[in-house]
Amino acid sequence: MFIETFKNLSLSFRELRGSFNEFKIVVASIFLGVFIISAVGSISENLKSEIKNKRVEMLGGNFELSTTYQEFPNNIKSWLENNGKTTHLIELRTMLSYNSQSLLKRRIVELKAVENNYPLVGKVIISPYQKVKLSLRTKKNEKKILIDKSLKEQLGIDVGDFVYLGKSKFKINGIIEKEPDRMFSFATFGPRVLLSIDVLKETGLLKDGSLIKYKTKFIPNNKNKINLAFLNDLVKGTNVSIRSIENTTNNFNNFVDRTSIFISLVGLITLLISGVGISNGVKGYIIKKTKNIAIIKSLGAKNSKVLNIYLNQILMIFLISIIPAIMLGISIPYFFSSIISQELFNTFKPSIFLQPISISFLYGLIICILFTILPLLKTYKIKPIELIRNSSENSLNETSYKIKGIIFILISILCGLTMNLINDKKLSFYILISMTVSFVLIYGLTNLKFYILSKIKFKLGTTFEYIRKTITKSNSFARSIVISFSIGLSLLITLNIIESSLDKRITAAINQQAPSHFLIDIQPQQIEKIKTTALSILGNNNFNSQPMLRGRITELNNQSVQGLKVDKEVEWVLRRDRAFSWSNKIPNNTRLISGEWWSENYDGPLLVSIGDKIAKGLNLKIGDKIKFNILGRNFEAQIFNTREIIWENMDINFIFILSNSNIENAPHSWIATTKNIGPNLNNSFVEKIVSEFSNISSISIEESYKSIKSILNLLIIIINSIALITLFSGIIVLAGIIDVSKKDKLYEVAILKILGATPRRVAYLWFKEYFIIGLISSIISLIIGTLVSYVLINSIFNIEVYFDLKMILFLSLLVPFLITIFSLLKMLSLIKSKPLVVLRAYF
Amino acid sequence: MKNENKKKLIELENIHVDLKSSFETINVLKGINLKIFKNESVGIIGESGAGKSTLIMCIAGLELISKGKILFKKLPIHNLKEDDLALYRSKNIGIIFQSFNLLPSMTALENVNLPIEISGNFKNNTMAIELLTEVGLKNRIFHYPHQLSGGEQQRVAIARSLISNPEILIADEPTGNLDKKNSEDVMKLLFKLKKDFGSTLILVTHDKSVAKLCDRIIKIDNGLIVK
């Protein structure tokens, strides 16, 4: 068996000798797709492994226990201290101000006050080099802080400068280069500022009702006994939330998984487009090998033997392509190790993982066999009699059930692999369905277009009639070009329509409805004065404020939320603290979806209004009960209505609004927004408030929007760049097709020249031919892209579809020009060929 | 001829071959009846397009007949399936083409070994080297076809046709692409080896002097045996 296989391989190799050049397009096609899948898989596995190794450092301990508004209950604090290592932290947002040459600059920052033993695991890297403990120590009444390097850049401040936090003056003692527990503790509103916990207490920034987070990082002595369940029992009935390394890494892994799914899918689409290239390459190869196949058959080879010889060759080429692709793919984490360690981890040691290697290998192998099986079966139709007589055109008119079965099995494995890669049954089902539908649509539309073209008689002159017949003839490769470019272009158009619709929606919201500024951490005793100031500066109805406090949901309909199965999209609502407001008056611009608002003088049991989509995701309806833990006390509220929440308007949007009850007596703060009525009025109002009330922080929506927009733009560039790979894959297919059809084109140019056509005329003819092929591809992609984006925008985003016509026109023309220019460049030598030389040499 | 040489090897009964194109059907063979005996050499002559090559390709199992019967050692081969025909060729037939039909990616030695590699009977290179020595190419065994002259390529093809020790040697105008000197050398070699190997030779040629070397000459015209 082994000897027989070796003999077969040896024969295949010797037959292949000297023909490797024929496979350069096949090699490039396999290489590109497999490389992307293995590279993404390797990066993703490395990140997940690194996080697993460093999760304790990144969380700052094995557990992070936190409360909002209130310090830890003493009994829990002392229990933690007695049963392991602890360090306590306080986090809050505040305004940092810097007086630069009589110009006052303000910036909201995220304060993190730490104890001397921070961090328990890992270390903070400070520039210039120093230890956290020493760098934050007050010397000669000079309070010290460390600031994030982004703040240094934003305000133009540096080590040695003095800044204000509230009313207190601080000296910048260093720049934070790395914060070990930063990844799991995103500073979302502003740059990080580190200071000592003792110093924070002296600043007066810790006020009741302010959004202050008290955290304890904890490493238990007995790790076997003290687990998440144990600690949950310990804090039961209190407002303490717990994060463990397990549930935190799960979130991050989900993020890595989702990101890698997108890129892997692009890799898969690239491989599928490459499949068209592989198929054409093998088809061309078999045509070139017709004589050899006929010789082998004339010497007594059975069809299966011939198939075996050429399948072996394809597998050899596959190995030649896949080995460097996988090697390069798994090397990518090594190439990017310095960036990864700089941006994510202090140190990053890449490793080689088996899973991305096996997955990319399997994907490559399946696509390779799937797309070569039909061209290889053409060997069955080659008759040895062709050695003395050119028989009619070879065509495989029917595919046996056995082959259909093999194709079905391969597609099933491909689907199975994709489901395994995505690891989310629902999502993978949608992705597979939409990919299948898109491919079927592209294939169907392409054939329909060519059928119509073949039937319609053009009245546009001889040239177009000639082109029409050329591209619609049965052995034309035009269909393959259209299909391979349509896949990539449809993806780009879909992404573009989604991006422009989202952008339009956000821009419209910013321009029409979004507030100018947010004011946060307003103390209850300050709100009336602020309202009066707002009335005098901004005028009537231009100021909106609501009370706010934070709490956790502990039970839904008497069922604990721990381990409760809810829609993945709304899981975040149950995960951590959420903000609540209360009002007996229906808030402005509220649209109720079900139920009604309670009366203004309602004073009964606690009622709650909930965002409609959240309610659906949590399987809640009117009358259901939600139990909240607010400041250590449990409150049960009955759902009275559900309402629409429009996040894009960027206004105050509470998921939960409670009825007025005793709750308003709890320590709380207010949040307010100012309507956009011109930068001067808005800025002078905000400036007056934050300078008068040092505890209040302001957030400019315009600035936030700009920074979100810049991140979004970066994301869009990255996504589109990745999607562009699919067009590159189309070019590889095109290059292969031009190679395969070189002989036909040479014959065509020879005949045209003999009939009197100049090289320029031939070039012009081919320009028109390939431009028309490109245009067909663009039209199909426009139809598919519009359909897919319309379905996605309506079903997922639920916003109005918006077409950026300029961009769509650009993309639609990009492909015809790309196809035309590339083809003409590649066929330049053919145009210059001498007709008689060609006819003598080839025919 | 001795009696045992008179054993019928091939019998053709009323062979018709119709070739269909998009526009017409051409009747290439219109009812051929022929018996070929073991160890004899048969020369087939006729004008271009008369059906000579088609006839021998039918015997080789490369051309499918439209009507009639072909019997090899009394066993019908006209109704065999493609793979069975391949097996029949592999065991019984050695073919020499006018245009040599060697695989360009393989050396002379590899080309000669190809039939036994295909049939799975390859053991070592001894037989192929012997044959190449016999045809005068001992020093060219590792040369590729493009490194050999036309006469040398045809010698390799002759060696290849004999590697399986076939009962029937079919040669389709083997000297058609060669000059006079090479033609004479190749024909001498072919008849010598035919004798050495005890094969039956069916030779298509338009050269009467070559045909005269055969035991029997058959003339075909317009798809029929006329002489």
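Two strands count as paired if DSSP finds at least two bridges between them, and strands (E, at least two residues) and helices (H or I, at least four) are DSSP runs numbered from the N terminus. The model is predicted: local features need pLDDT of at least 70 and side-chain atom pairs count only at pLDDT 80 or more, while totals for chains, interfaces and linings use all residues. Residues are numbered from 1 along each chain as its sequence is written, with chains lettered from A and ligands numbered from 1 in the order in which they are written.

In chain B, six strands make an open sheet of mixed pairing, in the order β6-β7-β8-β3-β9-β10. The edges are β6 (93-96) and β10 (224-225) of chain B; each has a single partner strand, so one side of each lacks a neighbour in the sheet. Within this sheet, β3 (residues 41-46) and β9 (residues 216-221) of chain B are parallel and share five bridges. B:G46 stands opposite B:I220 in β9(B).

Helix α1 (residues 52-59) of chain B lies across β3, β7 (168-172), β8 (200-204) and β9 of chain B, at about 150° to β8(B). Such angles run from 0 to 180 degrees between N-to-C directions, with axes fitted to C-alpha atoms, for helices over the stretch in contact. Residues are in contact if their C-beta atoms, placed from the backbone, lie within 7 Å.

Chain B also has an open antiparallel sheet of four strands, ordered β2-β1-β4-β5. Ten bridges join β1 (residues 8-20) of chain B to β2(B), where B:L34 is the bridge partner of B:L12.

The contact between the chains takes 26 residues from chain B and 24 residues from chain A. On the side of chain B that touches chain A, the elements giving two or more residues are α1, α2 (82-92) and α3 (108-119) of chain B.

Conventions
Two residues are in contact if their C-beta atoms, placed from the backbone, lie within 7 Å.
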